[in-house]
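Welcome! Take a look at it first, then read on topic by topic.

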Amino acid sequence: MALKARAHQRVSNRLRHKVADRLDEGHDEDAATATGILISARDISLRLGRVQILENVAIRVRDGEILSLIGPNGAGKTSLVRVLLGLLPPTSGEIERRPRLRVGYVPQRLAIDPVLPLSVKRLMTLTARRPLAAVRAALAETGVAALLEAPVQALSGGEFQRVLLARALLREPQLLVLDEPVQGVDFAGEAALYELIGAIRERRRCGVLMVSHDLHTVMAATDRVICLNRHVCCAGGPASVGRDPEFVRLFGPRAAAALGVYAHHHNHAHDLAGAVVEPTDDAGERGAGADVAPRPEGDGGS
Amino acid sequence: MDLDHFAVRALVAGLGVAVVAGPLGCFIVWRRMAYFGDTMAHSALLGVALGFLLSIDLTLAILGVTVAIACLLLLLQRRRPWLTPDTLLGILSHASLSLGLVAIGAMAWLRVDLLGYLFGDVLAVSRADIAIIYVGGALALAGLAFFWRPLLAVTVHEDLARAEGVAAAPAQFAFMILVAMVIALAMKVVGILLITSLLIIPAAAARRYATTPEAMAALAAILACLAVVLGLGASLRFDTPSGPSIVLAAAGIFAVGLLPLSRWRALSASLFRNGNSS
C-alpha cells in the first residue's frame, strides 16, 4: 500500500520534471520557482590550476526528489557539490538558489581528531545553539537517540553517518546534500541507511542530492540520476541511465549489467552487453576499477 | 599582594599568561598548528629587532611582525601549492629567527639580553609588563570567547561550517591575531623558543580528563597556572632558569597524565593501606 503510493509519487514527480524541463528551456525564473526548483546550476565549469575539474555541467534539484550524482572517483562529484553549496566559486556558469534555501549538508570524510573531546550532543550544536529537545528529536529520527552523550570517536561508521544525518535534519532543511552517505557502513547498514533517507524524504518532502560512487545500491531509492565524469555523461531515470551507452563505457559492462538487473528484475542484461563490447577505452577500465573500491569495516549502527 | 617583590611580580605575570595560553593552546592542538605557532614565535625576535631599530613599543612590533609572517605564510601556501605547509613553515620559521638574530647583532650600539628574549626572564618583569599582560590577556580571552563557536566549527570541518553559514575567514584571521597576541605576551615569561610549549603542553595534558572542548580549555588554563606555580617555585628554590623550569613543570604534569588511571588507583590504595597500618 505504502509502496504503491510511493511509486505513484515517483511517477508524478517525473511528470512534473518533464513539465519543468520544458518551462526551463525558456529560462523563466517565475516558472522555476513555481515548479519547485530548489537549486539550479547551468554551464558550470571549474578549473583548478591547469586541471579542468568540471565542464559545462547543468544540474537541478527539485522539491521532494532524490537526485543521485554518480561517477567514478575523481569525476568532480564533490567539487560540484562544493560549487552548489557556494563553498567554491566556479570558473564560469551560474547558480540559482531558492531565496533563503535551508541546506542540510553531510560532507564526505569528516574525521574528528581524537585530541578534540566532542560528544554527539556537542557535535549537534556545533554551529548554532539548539534546544535539547530538538537535538533529541533529530537523533531519534535517524535511530541514534541513545548516543546523545557518546564521544564521537567511539561511534561506528554507521552510527556516525546517522548522527551527521541528524545534524543536517536539525536545520529543518529544504535540501539535503549527502556526499557519500554510506561510506564506512557495512552492507546491511547501507540498505537501512538508504531506506532511512527515502523515509526522510517522504516525511519531510525535502529535496535530496546524494553523491555516490557506488552504483548498485543508490538506484533503488532514487528518482533521477546524473552521471558525472567532468561533464554530465548522461542523466535520467535510474533504468534509462543504466542502458545509456555512455554510462556503460564509463563504468564497464559489469556495472551496467548489475545495475540493469537491480533496477529491472526481468531482463536487459544481454541487451546491454550487446551495446557495450569495446573495452579499448581506458575511461571504462578506470571506472570499473573505481567501482569496486574496498568498503571499510563498520557496523550498520541500527 | 606585594608587587614590589620580584618573585610576586613573576608569579602574577606568569599566571596572567597561563590563563590565556591554556585555552588558546587547545586550538593549536586541535588544529595541528604547533609548528605554525612555533614559526610565529620565532619571527617575534625579528619583531624585537625591528622595535629597537625603529624605537617603537616592542609588544606592538612583535604583534606586527608575527601577523605579517603568518600572512606571508598563508599567501605562499595559496600561490605555491607545490610547497607543503610543513616545508614553508620550516623555511619561514628559521629564516625569520636568523634574520632577527642578524639584525640584533648588526645593531652594535645595542646591548640586549638575547637569552632573556629567547628563553624568557620572568624574574625581571616590571609593573608595566604586568599591566600589558593583563590588559592584552583580557583582550585575547574576550576575543577567544567571541570567536569560540565559529572557530570550533571551522576546526571540526571547514566546509560543513561554511555551508551552515559560519564566517570561516574572519574566525581564522582572528585566531592568527590571538596567537600573535599571546606570543607577544608570553615572550617575557618563557621566551621565544619555548612559547609553543606553554601553548600545547597544558592543552595536551588536559585532553585526557575532558569530555567537552570547553572543559578541556578550562582545564588547560588551570594546568598551565599549576605549571607556572611549580616551575617558578622550583626556579626560586633551586636557582634554575625560570622559563625552562615552567616548561619542565608543564611537561611533568603531562607525564603524570600519561600514567594509566588503574595504576594510580592501585598506588593510592597501597599508600592508604600503609598509612593505616603504621
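This is a predicted model: local features need pLDDT of at least 70, side-chain atom pairs count only at pLDDT 80 or more; totals for chains, interfaces and linings use all residues.

**A first look**

B:Asp159 is buried, with a relative accessible area of 13%. B:Asp159 forms a salt bridge with A:Arg82, with N and O 2.6 Å apart. The bridge crosses between chains: A:Arg82 sits in helix H3 (residues 77-84) of chain A, and B:Asp159 in helix H7 of chain B. A:Arg82 itself counts as partly exposed, at 22% relative accessibility.

**Where the two chains meet**

- Chain B brings 23 residues to the contact, and chain A brings 26 residues.
- About 2,200 Å² is buried between chain B and chain A, and carbon and sulfur atoms account for 59% of that area.
- On the chain B side, B:Arg149, B:Val156 and B:Glu164 provide 31% of the area that chain B buries against chain A, more than any other three residues.
- Four salt bridges are counted between chain B and chain A.
- One of them joins B:Glu164 to A:Arg167, whose closest N and O atoms are 2.9 Å apart.
- Ten residue pairs are in polar contact between chain B and chain A, both residues being at pLDDT 80 or more.
- Which helices of chain B each supply at least two residues of the side that touches chain A? They are helix H1 (6-30), helix H6 (127-156), helix H7 (158-163) and helix H10 (213-238).
- That side of chain B is made up of 13 nonpolar, three polar and seven charged residues.

**Chain B as a whole**

- Chain B contains twelve helices and zero strands.
- Of its 278 residues, 49% count as buried.
- Taking contacts in chain B between residues at least 6 apart in sequence, 76% join residues at least 24 apart.
- A salt bridge within chain B pairs B:Asp129 with B:Lys188, the closest N and O atoms being 3.6 Å apart.
- This pair links distant parts of the chain, with B:Asp129 in helix H6 and B:Lys188 in helix H8 (residues 168-190), 59 residues apart.
- B:Asp129 counts as buried at 15% relative accessibility, while B:Lys188 is partly exposed, with a relative accessible area of 28%.

**A covered strand in chain A**

- Strand S3 (residues 66-70) of chain A is mostly covered, with five of its five residues buried.
- In a regular strand, side chains alternate between the two faces of the sheet.
- Both faces of S3(A) are covered: A:Ile66, A:Ser68 and A:Ile70 are buried on one side, and A:Leu67 and A:Leu69 on the other.
- S3(A) runs parallel to strand S7 (residues 207-212) of chain A, and five bridges join the two.
- In that pairing, A:Leu67 stands opposite A:Leu209.
- S3(A) also pairs in the parallel sense with strand S8 (residues 224-229) of chain A, over four bridges.
- Here A:Ser68 stands opposite A:Val225.

- Over all chains, the structure holds 18 salt bridges.
- Side chains of opposite charge can pair when their charged atoms come close.
- A:Arg224 and A:Glu65 meet in a salt bridge, 2.9 Å from N to O.
- A:Arg224 lies in strand S8 and A:Glu65 in the loop between strand S2 (51-62) and S3 of chain A, so the pair ties together parts that are 159 residues apart in sequence.
- Both A:Arg224 and A:Glu65 are buried.

**Two residues of chain A to visit**

- A:Gln161 lies in helix H6 (residues 157-169) of chain A.
- Is A:Gln161 buried or exposed? A:Gln161 is buried, because its relative accessible area is 7%, under the 20% cut-off.
- Beyond its neighbours within four places in sequence, A:Gln161 is in contact with residues including A:Val106, A:Glu180 and A:Leu193.
- A:Arg130 is found in the loop between helix H4 (120-124) and helix H5 (132-141) of chain A, and counts as partly exposed at 33% relative accessibility.
- A:Arg130 and A:Leu170 are 40 residues apart in sequence, and their C-alpha atoms are 8.3 Å apart in space.
- A polar atom of the A:Arg130 side chain lies 2.9 Å from the backbone oxygen of A:Leu170.

Technical notes: Residues are numbered from 1 along each chain as its sequence is written. Chains are lettered from A and ligands numbered from 1 in the order in which they are written. Side-chain values use heavy atoms; hydrogens and water are left out. Contact means heavy atoms within 4.5 Å. Buried area is the accessible area (1.4 Å probe) that two parts lose on being put together, summed over both. A salt bridge is a side-chain nitrogen of Lys or Arg within 4 Å of a carboxyl oxygen of Asp or Glu. A polar contact is a pair of N or O atoms within 3.5 Å; within protein, one must be able to donate a hydrogen and the other to accept it, and residues adjacent in sequence count only if both atoms are side-chain atoms. Ala, Val, Leu, Ile, Met, Phe, Trp, Tyr, Cys and Pro count as nonpolar, Asp, Glu, Lys and Arg as charged, and the others, Gly among them, as polar. Buried means under 20% relative accessible area, exposed over 50%, partly exposed in between (1.4 Å probe, protein chains only). Two strands pair if DSSP finds at least two bridges between them.
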